[in-house]
Amino acid sequence: MKLYGKYFMIHFKSTMEYKTSFLLSCIGQFLVSFNVFLGVYFMFQRFSKVEGFTYNEVLLCFGITLMEFSLAESFARGFDMFPNIVNKGEFDRIMVRPRNEILQVLGSRIEFSRIGRILQAVVMFVYGFTVSDVHWNVQKIAAVLFMLIGGTVVFGGIFLIYASICFFTLEGLEFMNIFTDGAREYGKYPVCIYGKRILQLSTFVIPYALIQYYPLLYLLDRGKSYYILLPLIACLFIIPCLLLWKLGVRHYKSCGS
Amino acid sequence: MKKYFAFFRLRFSMGLQYRAAALAGIITQFVWGTMEILMFRAFYHADANAFPMTFQAVSSYVWMQQAFLTLFMAWMMENDIFSAIVDGNIAYELCRPIDIYNMWFSRSLATRLSKAVLRCMPILLAALFFPAPYGLMLPVSLPAFLLFFLTLFLGTGVTVAFCMLVYMACFFTISSAGVRMVAVSVVEFFSGAVIPLPFFPDKIRRIMEILPFASMQNVPLRIYSGDLTGSAMGQAVALQLFWLFALTGIGKLLNALAMKKITVQGG
């Protein structure tokens, strides 16, 4: 943990050397996810409801999903650059150090410009909260907390899978975007609007629905009370991800020059 | 002209080499397209009357968008160009007896086209076999189809011309990341990549349709899906031509300015 703090400070200092660029990147990050919001906004200018969800409810859903994703992304995005690390054989360096590999990869890149996106997530989150007609009580606040924890873990797990696959393919696979950026993009609406098949898939294969749709139903007083615990169950998703990573590390052959 | 064509050919055949990447791209775009259509379906079920296009037209729009994604996506810029400007390799390019604007233009055009050639066919074929309202419909008529191709090229030209402005801006700002991201999000939103332009309220849409961004993917995709016809179509094509010349003109001007004060970096 102390080591991570150190990595954090190094990246922070180096980012601060280029202040204008940093600021513009922040704005850029902000705009990218703001686009998604505008998309939702203008769709609801035309339609009042989708699958029984109103604009306010969708916003709440969007805010929470974006928050989950941003949290996971801000510290797990080091995995994004992982193909480069494997490609250039830099993973050798990581292996010889007497520290946990995952921690080192995480520390290899911390993107402060994601602050823009986190800021956007916070704004959406707060906005979603204030406009929603949810009657808040302790259980519901707990549900939101669980969603954030579960969501961060699940998205972190997906980043981990992305990196683990690189051990075998040596390059990043574009289609993994479906599960990372795609999930964020489509998480703006409750999963159920994409139909029953997608809902089943995202319940049992990759537990998106457990961190988004079911707890959301609970917040809106439409779900059963055990839905509150589902995000925590979703955390189990990290186990197969870690196993895949372990397998990958064992499979790793150094390459590059 | 011949030398720029050579650059074009070189890039084009280079782009064709990345078949594995293309396969991954095809899968990705296929899933994105499906999800997008499922989302529109939910809205269609919610209120069919509020739908500004027929559902079939929306499906065709989405599939065409996914198939020709590489032609229009603003984030697909040439990283070599940015790094050449930042690390000083630009010096080599300047030594050559060619116009840098034209060279980059033909290179970017070639990259986009080669990627699209590799990717579009499987997506289009598969989309044709989707059941009725969800799949790609056949073109409405032969003239409309030809016009679709014409506007597809014009739209690509406008997109590349716009990206050239971003490269040129990099000469002045050096660090490209910020400008690039802002430009990309603006393009995405105003070109109809987030949601198709007909879904916007009328007042906003009218303004958006005049902007150069609407001349990118909006025109060809809507002509194909039969949403844009008659005099509105003629206007849109004229506007495309206008923006193509205007953006190229501004780009060349910026290029000339940049060449006057260029600093070669790196060591």
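How many helices and strands are there in chain B?

1. This note concerns a predicted model. Chain B holds 12 helices and zero strands. Read from the N terminus, its elements follow the order α-α-α-α-α-α-α-α-α-α-α-α.

2. The interior of chain B may be described by burial and by contacts. Of its 267 residues, 46% count as buried. Among the contacts in chain B with a separation of 6 or more, 82% join residues 24 or more positions apart.

3. The contact between the two chains draws 33 residues from chain A and 29 residues from chain B. On the side of chain A that touches chain B, α2 (19–46), β1 (49–50) and α9 (181–186) each supply at least two residues. The most comes from α2(A), which gives 15 residues to that side.

4. Helix α1 of chain A covers residues 2–16, 15 residues in total. From its first C-alpha to its last, α1(A) reaches 21 Å, close to the 21 Å expected at 1.5 Å a residue. Is this helix buried or in the open? Of the 15 residues of α1(A), the number buried is zero, so the helix lies largely in the open. A residue counts as buried here if 20 or more other C-beta atoms lie within 10 Å of its own.

Notes. Residues numbered from 1 in each chain as written. Chains lettered and ligands numbered in written order. Predicted model: local features only at pLDDT ≥ 70, side-chain atom pairs only at ≥ 80, totals over all residues. Helix = DSSP H or I, 4+ residues; strand = E, 2+ residues; numbered from the N terminus. Expected span 1.5 Å × (residues − 1). Buried ≥ 20, exposed ≤ 12 C-beta atoms within 10 Å, placed from the backbone. Contact = placed C-beta atoms within 7 Å.
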